[in-house]
Amino acid sequence: MSDTKIVTRFAPSPTGFIHVGNIRTALYAWLWARKNNGIFILRIEDTDKEREVAGSIDHIQKSLKWLGLNWDQGPDVGGPHAPYIQSERLDIYKKYAEILIKKGHAYPDPYTEEEVEKFRQEAQANKKPFLYREHRPADFGVWDGTRPLRFKVPEIKSFKWNDLVQGDLSAGEEALDDFILIKSDGYPTYNFAHIVDDIEMQVTHVVRGQEFISSTPKFLSVYQALEVAPPIFVTTPPILGEGGNKKLSKRDGAKDILDYEKEGYLAGAMINYLAFLGFNPGGEKEVYSRAELIQVFDLSKIQRSGAMWNDVKLDWFNKEHMKRLPQEEIKKNILELLPEKIKNPKLIPVIFERISKWGDVKAMVTRGELDLFSKTLEIDKNKFKEKILYKKTAPEKISENLKLAITVLKSLNKNNFTAENVKTALMEIANNLESRGELLHPVRYALSGADKSPDPFLIASILGKNETLSRLQKAIE
RNA sequence: GGCCCUAUCGUCUAACGGUUAGGACAAGGCCUUCUCAAGGCUUAAAUCGCGGUCCGAUUCCGCGUAGGGUCACCA
């Protein structure tokens with residue numbers, strides 16, 4: 001039954017990269033289509049030629065692909081309603097415009113932009129909302145395509161409608177106005193084009209941000225004039241920037257979604273985090289795979305209030321997803337991200353061994369851990385003294401233990417300085433102590449300069465005998 | 001300013017009108033230091049305010065307050 005098939009769409013305009021705020025809307029639309037065995041459409045809304053940024057379409061597609069939000073119909077894959085780029089569909093909008101003209105619901109705007117602006121200022125001076133329809137001409141005249149085509153609101157009334165997320169919504173008459181359907185450059189406005197396309201493409205659920213709530217009465221008027229039943233509206237709450245009081249925007253640090261890929265975030269983690277920012281299936285489980293997410297997702301459980309972006313929680317999701325990743329995946333993931341200089345064939349096995357247990361690329365980069373492998377680790381001298389101490393163990397005891405370690409390690413043959421041998425040697429001392437940490441922690445810290453690091457034995461073997469001894473010696477001093 | 005929407009720990013959130021208001025992140029403390037993109041235990045932390053309906057409001061209603069959105073030949 002094609003009538004009952006769920007159809008959702010993501011309709012970005014190619015004005016640059018898509019940031020995390022926009023992509024969540026796409027995610028929700030995609031999840032809903034997949035959950036219901038429906039269709040997910042990618043449509044490019046490029047009716048503003050001035051704001052268009054070259055390369056955006058490609059970038060948008062890359063972003064969606066990274067997250068695995070595959071589309072069934074779109075600019076590249078085509079589909080029954082091709083083309084999926086609005087600038088290539090101008091004749092279709094014209095056809096709908098003619099229908100509205102014929103019905104007496106559209107007319108050419110007789111005023112210049114300056115005249116309209118004057119009306120606007122007059123209204124403002126009188127402290128009244130500006131309504132173009134109050135200046136609607138008596139005779140409509142014939143539209144020759146050079147003037148903007150305006151919509152004649154069929155009925156001035158209050159609208160009430162239902163939104164799957166927001167519930168019952170309403171707006172007063174002042175929300176209705178004779179807005180522009182087709183601009184003087186021949187391109188349709190968003191207000192008109194998206195409605196035509198949604199009708200043509202048989203979209204059942206329109207998922208979009210709440211900035212469109214206030215123009216919904218206008219949209220409903222168009223559906224009314226066209227005598228077409230509107231789709232189901234699904235209005236998502238905003239994502240707020242980390243100050244908590246502003247909608248997330250590029251200016252407030254909303255990043256290109258693909259930046260997160262570069263930084264080593266997993267697509268699955270990003271999706272999980274994004275989905276849960278404003279949605280919760282109930283229950284206490286939080287880490288969901290893509291498939292599980294599709295299963296539990298429900299548009300009606302989307303939150304109504306805005307949610308604040310939180311990098312720290314995203315990191316946590318990433319970590320959880322990493323833990324669930326097969327080893328091979330981790331290795332692949334990491335290799336792709338390793339800086340060129342570290343792609344030294346000799347080091348790769350070492351890195352793998354380490355990464356198989358402790359491989360946070362992002363953390364490695366930020367903590368300077370990668371440098372450990374190029375032996376240029378800088379240790380923060382100010383914190384060193386304090387951090388090398390183990391709990392309440394006396395500093396004297398610590399340095400005594402380190403000395404002991406040096407003695408033992410000195411007796412190891414330089415060519416036999418393997419992680420295994422170092423471990424055997426050190427553990428012998430450590431096991432005789434009150435707590436093994438009294439030795440192992442200082443050694444770890446002396447060698448790595450970090451209290452969370454690969455195990456000290458591995459580090460020692462990588463550093464080699466000389467460097468290891470010299471770092472231990474330095475630590476004592 | 002007009003219109004519209006929203007309001008539970010610092011953050012994301014859960015809770016048929018009846019719960020000691022739950023979980024997660026973050027924070028504090030303790031344990032562990034072969035820890036391993038850690039783990040275990042633990043502490044502190046919330047229903048914006050005022051009225052109303054009800055035997056009983058986080059939940060329903062009104063007002064206030066605060067935040068957000070929108071008022072384009074942008075989407």
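Which residue of strand 4 does Pro-108 stand opposite? In this predicted model, where local features need pLDDT of at least 70, side-chain atom pairs count only at pLDDT 80 or more, and totals for chains, interfaces and linings use all residues, Pro-108 stands opposite Leu-149. Residues are numbered from 1 along each chain as its sequence is written, and chains are lettered from A and ligands numbered from 1 in the order in which they are written.

Chain A contains 20 helices and 11 strands; helices (H or I, at least four residues) and strands (E, at least two) are DSSP runs numbered from the N terminus. Of its 477 residues, 33% count as buried. A residue is called buried if 20 or more other C-beta atoms lie within 10 Å of its own, exposed if 12 or fewer, and partly exposed in between, with C-beta atoms placed from the backbone. Two residues are in contact if their C-beta atoms, placed in that way, lie within 7 Å. Among contacts between residues at least 6 apart in sequence, 75% join residues at least 24 apart.

The pair Pro-108 and Leu-149 belongs to an open sheet of 3 strands, ordered 3-4-7 with antiparallel pairing. Its edges are strand 3 (106–108) and strand 7 (180–182), each of which pairs on one side only. From one strand to the next the twist averages 40°, where axes are lines fitted to C-alpha atoms, for helices over the stretch in contact, and angles run from 0 to 180 degrees between N-to-C directions. Strand 3 is joined to strand 4 (residues 149–151) by 3 bridges; two strands pair if DSSP finds at least two bridges between them.

Strand 7 holds Ile-182, which is buried because 28 other C-beta atoms lie within 10 Å. Beyond its neighbours within four places in sequence, Ile-182 is in contact with Tyr-93, Ala-97, Pro-148, Leu-149, Pro-188 and Phe-192. Ala-193 is 11 residues from Ile-182 in sequence and 8.8 Å away in space, C-alpha to C-alpha.

A hairpin is formed by strand 5 and strand 6, with 3 residues between them. The two strands, residues 159–163 and residues 167–171, run antiparallel and are joined by 5 bridges. Within this pairing, Lys-160 stands opposite Ser-170.

Leu-27 touches Leu-69, Ile-271, Leu-274 and Ala-275, not counting residues up to four places away in sequence.

Helix 4 (residues 113–125) is hardly covered: the count of buried residues among its 13 residues is 0. Just after helix 4, Lys-127 takes a positive phi of about 55°.

Finally, the UniProt record (unreviewed entry) carries a "binding site" annotation on Lys-250; UniProt positions are given in the numbering used here, feature names are shortened, and annotations may be inferred rather than shown by experiment. Lys-250 lies in the loop between strand 10 (239–240) and helix 7 (257–262). Lys-250 is exposed, because 12 other C-beta atoms lie within 10 Å.
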